[in-house]
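This report describes the fold and selected local features of one protein chain. The sequence and the model are shown below.

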Amino acid sequence: MRLTKYEHSEMVLELADRRLVIDPGGFSSPLGDLGDVVAIVITHEHPDHWTAEQLDRILERNPDAAIYGPPGVVSAAAGYNVIPVKGGDVIEAAPFTLRFFGEQHAVIHSSIPVVDNVGVLVNDRLYYPGDSFTVPSVAVDTLAAPAGAPWLKIGDAIDFVLAVAPRRALPVHEMVLSSAGKGMANQRLGWAVEQGGGEYVALEPGESIDL
């Protein structure tokens, strides 16, 4: 299974000539020319994780692609056929098996409502928590670790990586950071991964890795 990282939290996984798209949001490059998409996972309703424009581009070429998201996404994307998922659900979107964890977005501020959020484990290889610190109840091979956000300080990100203890990690949700901020996050999260004997891979947009 091959993972290509795009800007922010957008990722594309490829296996057996089929593709899975995760969080095609407003900070990310358009994926209008991407074919063979069987499913799209949207972890929560915030526009940096999905937009109608991004979905329309993908669905224009892949009209049969299934869309999965928590109840908040079902409501926010009411014009689309979003299949509701919650923590504990397991979905087969061949050749991808999707296991979902958690229920809520991390707290940004007391004045801002907490929205639905699910983390997703793909083929027991890649775990991505969305905008949460949900630690899955299973061992994680590769973790897509949030590196910067209004709801996150670097200490929270370090503690999350330490708790998950993946074999390998890569940064996501970093478009809110400057180049210097990305460098700091990579250094700190790299240290956290190494404490469990893991490897940190600081993928840039457009770079890929085999899982």
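This is a predicted model: local features need pLDDT of at least 70, side-chain atom pairs count only at pLDDT 80 or more; totals for chains, interfaces and linings use all residues.

**Backbone features in loops**

Although Asp36 is not a glycine, its phi is positive, at about 60°. A positive phi is also found at His173, another residue other than glycine, with a value near 55°. His173 is placed in the loop between strand E12 (168–172) and helix H4 (179–195).

| Residue | Phi | Relative accessibility | Class |
|---|---|---|---|
| Asp36 | about 60° | 42% | partly exposed |
| His173 | near 55° | 2% | buried |

The classes follow from the cut-offs: buried means under 20% relative accessible area, and partly exposed lies between that value and 50%. His173, at 2%, therefore counts as buried, whereas Asp36, at 42%, counts as partly exposed.

A further backbone feature is the cis peptide bond between Ala94 and Pro95, for which omega is about 10°. Pro95 belongs to the loop that runs between strand E7 (90–93) and strand E8 (96–101).

**The protein as a whole**

The elements described above belong to a protein with 4 helices and 14 strands. Its radius of gyration is 16 Å, close to the 17 Å that the globule rule gives for 211 residues, so the protein is as compact as a globular protein of that length. Along the principal axes, the C-alpha atoms occupy a box of roughly 45 × 45 × 35 Å.

Of the 211 residues, 53% are buried. Where contacts link residues at least 6 apart in sequence, 57% of them join residues at least 24 apart.

The accessible surface of the protein amounts to about 8900 Å², and carbon and sulfur atoms account for 50% of it. With regard to charge, the protein has 14 positive and 28 negative side chains. The centres of these two sets lie 5 Å apart.

Conventions:
Residues are numbered from 1 along each chain as its sequence is written. Side-chain values use heavy atoms; hydrogens and water are left out. Helices (H or I, at least four residues) and strands (E, at least two) are DSSP runs, numbered from the N terminus. The radius of gyration is taken over C-alpha atoms; the globule rule is 2.2 Å times the number of residues to the power 0.38. Buried means under 20% relative accessible area, exposed over 50%, partly exposed in between (1.4 Å probe, protein chains only). Contact means heavy atoms within 4.5 Å. Accessible areas come from the Shrake-Rupley method with a 1.4 Å probe; for residues, only the protein chains shown count as cover. Lys and Arg count as positive and Asp and Glu as negative; His and the chain ends are not counted. The place of a charge is taken as NZ of Lys, CZ of Arg, CG of Asp or CD of Glu.
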